[in-house]
Number of protein chains: 2
Amino acid sequence: MKRIAIDMDEVLADTLSEHVARYNRDFQEAISKADLEGRWLWEIVPVERHAQLEAYLRSEDFFEDLPVMPDSQRVVKALTQKYEVFIASAAMEFPNSFGPKYRWLRRYFPFLPPTHFVFCGDKGILDADFLIDDQPRQLLRFRGKGILFSAPHNLRVTGFQRVHGWLEVEKLLL
Amino acid sequence: MKRIAIDMDEVLADTLSEHVARYNRDFQEAISKADLEGRWLWEIVPVERHAQLEAYLRSEDFFEDLPVMPDSQRVVKALTQKYEVFIASAAMEFPNSFGPKYRWLRRYFPFLPPTHFVFCGDKGILDADFLIDDQPRQLLRFRGKGILFSAPHNLRVTGFQRVHGWLEVEKLLL
């Protein structure tokens with residue numbers, strides 16, 4: 001059985017929406033995802049507000065209740081019939097996120113055993129056939145086949161097989 | 001550069017001593033490591049006390065201040081000169097342990113970058129050349145070369161390359 005590793009933030013969980021919503025709320029701004037095409041949120045927020053952007057990610061509740069990406073639950077469940085599915089999150093950057101991320105996965109993907117969750121930093125450590133991730137730097141370290149999951153920040157990145165959302169993952173792998 | 005993955009409990013951290021100490025304290029017993037040769041603590045503790053044994057491992061502070069295994073800090077530091085070193089802990093069984101384990105590693109192995117910490121469940125997911133672990137079941141899932149780190153419970157296990165402590169790891173890998 002082939003093995004697939006799947007990233008959490010921007011792939012299963014809509015982390016960016018929550019990040020932008022908190023920023024817009026606190027600074028009375030109206031940034032939309034369209035404003036972020038080809039750019040990180042950090043690139044369009046003034047540098048004197050970066051400490052606050054970072055603070056959102058480090059807060060205890062940030063990762064607790066993120067929206068689920070459309071179609072991800074159904075497609076991941078279908079993948080488990082044909083592949084060994086692992087969830088791999090670069091959680092080491094945000095140690096406060098361990099508990100919330102674990103609970104989030106149990107809540108929204110209850111059919112996945114926690115033995116198949118991996119909290120790491122460098123995804124080069126994963127032994128899998130496929131890695132679905134929005135971060136080009138993680139795909140470059142990974143030794144299997146990387147699949148770039150579209151997110152606003154990576155829309156101009158080339159050189160990877162790309163999927164726009166979970167319906168395309170379904171077409172590609174099922 | 002070859003890559004080594006190193007387990008935490010019973011390899012870097014003396015988890016068993018803390019577990020036995022809490023049990024002895026609460027039940028006025030005097031179990032020693034010698035009593036545990038070839039056996040798990042679970043096998044010599046009466047079954048009606050297993051819920052308490054489990055509760056120790058799930059408590060918030062259990063993994064916070066475990067003793068460090070002799071020579072491990074010096075040898076792991078030396079290994080980082082010659083290998084890519086990752087720490088891999090099967091932390092998913094005990095979600096309360098994520099924070100304590102992260103802080104413990106930062107405190108006792110501050111020369112290791114957190115990007116090289118992995119909290120997982122099934123070590124078959126690790127892409128490394130070597131895995132040093134006390135659990136035969138994890139070594140069996142791992143696709144690289146497994147090295148069994150002696151612990152009381154595994155003393156009768158055969159079929160793996162075995163090391164008795166960190167001085168033997170030093171001889172084998174350095």
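1. In chain A of this predicted model, helix α4 (residues 72–82) and helix α7 (residues 166–173) have axes that come within 9 Å and cross at roughly 20°. That angle makes α4(A) roughly parallel to α7(A), since angles under 35 degrees count as roughly parallel. The crossing of α4(A) with α7(A) is left-handed.

2. The residues behind this packing can be listed. From α4(A) they are A:Ser72, A:Val75, A:Ala78 and A:Leu79, and from α7(A) they are A:Trp166, A:Val169, A:Glu170 and A:Leu173. By class, the contact of α4(A) with α7(A) comprises six nonpolar residues, one polar and one charged.

3. Chain B has a helix pair to set beside this. The axes of its helix α4 (residues 72–82) and helix α7 (residues 166–173) come within 9 Å, with a crossing angle of roughly 20°. α4(B) and α7(B) are therefore roughly parallel to each other, and their crossing is left-handed.

4. Which residues of α4(B) and α7(B) meet? B:Ser72, B:Val75 and B:Leu79 come from α4(B), while α7(B) contributes B:Trp166, B:Val169, B:Glu170 and B:Leu173. The contact of α4(B) with α7(B) divides into five nonpolar residues, one polar and one charged.

5. B:Asp71 lies in the loop between α3 and α4 of chain B. Its phi is positive, at about 70°, although B:Asp71 is not a glycine. Most residues other than glycine have a negative phi. B:Asp71 has 14 C-beta neighbours inside 10 Å and so counts as partly exposed, because that class falls between the limits of 12 or fewer for exposed and 20 or more for buried.

6. B:Gln28 is not a glycine either, yet has a positive phi of about 50°. Is B:Gln28 buried or exposed? B:Gln28 is exposed, because 6 other C-beta atoms lie within 10 Å and 12 or fewer is the limit for that class.

7. B:Leu57 belongs to helix α3 (residues 50–58) of chain B. With 17 other C-beta atoms within 10 Å, B:Leu57 is partly exposed. Once neighbours within four places in sequence are left aside, B:Leu57 is in contact with B:Phe62 and B:Phe94. B:Asn96 is 39 residues from B:Leu57 in sequence, and the two are 8.8 Å apart in space, C-alpha to C-alpha.

8. Turning to the contact between the chains: how many residues does each chain give? The contact takes 20 residues from chain A and 20 residues from chain B. On the side of chain A that touches chain B, α5 (98–108) and β3 (117–119) each supply at least two residues. By class, the residues on that side of chain A are 13 nonpolar, four polar and three charged.

9. On confidence, the predictor gives the complex an ipTM of 0.94 and a pTM of 0.95. Chain A has a mean pLDDT of 96, and 100% of its residues reach 70 or more. Where pLDDT is low, predicted coordinates should not be read in detail.

Definitions and conventions:
Residues are numbered from 1 along each chain as its sequence is written. Chains are lettered from A and ligands numbered from 1 in the order in which they are written. This is a predicted model: local features need pLDDT of at least 70, side-chain atom pairs count only at pLDDT 80 or more; totals for chains, interfaces and linings use all residues. Two residues are in contact if their C-beta atoms, placed from the backbone, lie within 7 Å. Helices (H or I, at least four residues) and strands (E, at least two) are DSSP runs, numbered from the N terminus. Ala, Val, Leu, Ile, Met, Phe, Trp, Tyr, Cys and Pro count as nonpolar, Asp, Glu, Lys and Arg as charged, and the others, Gly among them, as polar. pLDDT is the predictor's confidence in each residue, from 0 to 100. Axes are lines fitted to C-alpha atoms, for helices over the stretch in contact, and angles run from 0 to 180 degrees between N-to-C directions. Angles under 35 degrees count as roughly parallel, over 145 as roughly antiparallel, 65 to 115 as roughly perpendicular and the rest as oblique. A crossing is left-handed if the near helix is turned anticlockwise from the far one by less than a right angle, and right-handed if clockwise.
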